Amino acid sequence: MSRLSRGLHSSVLDNFGLEAAIGRYCDDFSRTHPIKVNFELGDSEFSDFTRDEQIHLYRIVQEAFTNIARHSRAKTVWVKFDHTACELQLTIRDDGQGFATWDGKQNLSRHLGIEGMRQRTAIMGGALDIASPPAGGVEISLWIPRRRAAPAR
Ligand SMILES: Nc1ncnc2c1ncn2[C@@H]1O[C@H](COP(=O)(O)OP(=O)(O)O)[C@@H](O)[C@H]1O
Ligand SMILES: [Mg+2]
């Protein structure tokens with residue numbers, strides 16, 4: 001099961017749903033890295049996201065965690081989903097060293113992780129923001145409109 005969720009076998013999503021798939025991924029991650037994961041799901045409701053969109057969301061979380069494992073030296077990660085009637089907000093924050101290893105001059109074509117997260121967010125009509133908060137670490141926030149809901153009257 002855990003190996004499936006790392007690779008995100010489609011049956012995990014279909015049988016257990018996105019929150020279970022991400023929850024398992026977080027469990028796996030904290031077991032295989034010396035990093036504590038705080039996963040806050042809120043009143044999650046992903047049923048108005050298509051299967052492709054749910055895969056985008058999963059891949060975004062996966063890429064953010066891969067970066068944290070590779071580059072951050074963080075001890076703790078916070079993943080938080082916030083849902084409102086009109087949007088989904090996802091925040092992934094770590095308490096690592098921030099963009100210490102990134103001088104902006106690296107060959108961009110070799111570093112497509114963040115660009116990929118941006119593109120997946122854009123495909124869903126959303127926006128992504130990356131910040132290095134003064135307190136340290138990296139914070140990735142994204143907002144995705146829930147345009148599928150029937151318009152309020
Ligand atoms: N959580 C993070 N903490 C510190 N540095 C980060 C973090 N995420 C990304 N980075 C920096 O941003 C760079 C670009 O990330 P990315 O686009 O995913 O490419 P890659 O991971 O292949 O280097 C990384 O090489 C790293 O220097
Ligand atoms: Mg990366």
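**A mixed sheet, its helices and an aromatic cluster**

Helix α5 (residues 113-123) lies across β4 and β5, running at about 150° to β4. Helices (H or I, at least four residues) and strands (E, at least two) are DSSP runs, numbered from the N terminus. Axes are lines fitted to C-alpha atoms, for helices over the stretch in contact, with angles from 0 to 180 degrees between N-to-C directions. The model is a predicted one, in which local features need pLDDT of at least 70 and side-chain atom pairs count only at pLDDT 80 or more, while totals for chains, interfaces and linings use all residues. Residues are numbered from 1 along each chain as its sequence is written, chains are lettered from A and ligands numbered from 1 in the order in which they are written, and side-chain values use heavy atoms, leaving out hydrogens and water.

The sheet itself is open and has 5 strands, in the order β1-β2-β3-β5-β4, with mixed pairing; two strands pair if DSSP finds at least two bridges between them. Because β1 (36-40) and β4 (127-131) stand at the edges with a single partner strand each, one side of each is left without a neighbour in the sheet. On average, neighbouring strands of this sheet are turned by 10° against each other, direction ignored. Strands β3 (residues 87-94) and β5 (residues 139-145) run antiparallel and are joined by 7 bridges; Ile92, for instance, has Ile140 in β5 as its bridge partner. Helix α4 (residues 51-72) packs on the sheet, touching β1, β2 (76-83), β3 and β5, where contact means heavy atoms within 4.5 Å. The direction of α4 makes about 15° with that of β3.

Aromatic side chains come next. Rings of Phe, Tyr and Trp (its six-membered ring) pair if their centres lie within 6.5 Å; planes under 30 degrees apart count as stacked, over 60 as edge-to-face and the rest as tilted. By this rule there are 7 aromatic pairs. The rings of Tyr25 and Tyr58 have centres 5.9 Å apart and planes at 70°, so this pair is edge-to-face. Since Tyr25 lies in helix α3 (residues 18-32) and Tyr58 in helix α4, the pair ties together parts that are 33 residues apart in sequence. Tyr25 and Phe65 also form an edge-to-face pair, at 5.6 Å centre to centre and 85° between the planes. Ring pairs link Tyr25, Phe29, Tyr58 and Phe65 into a cluster.
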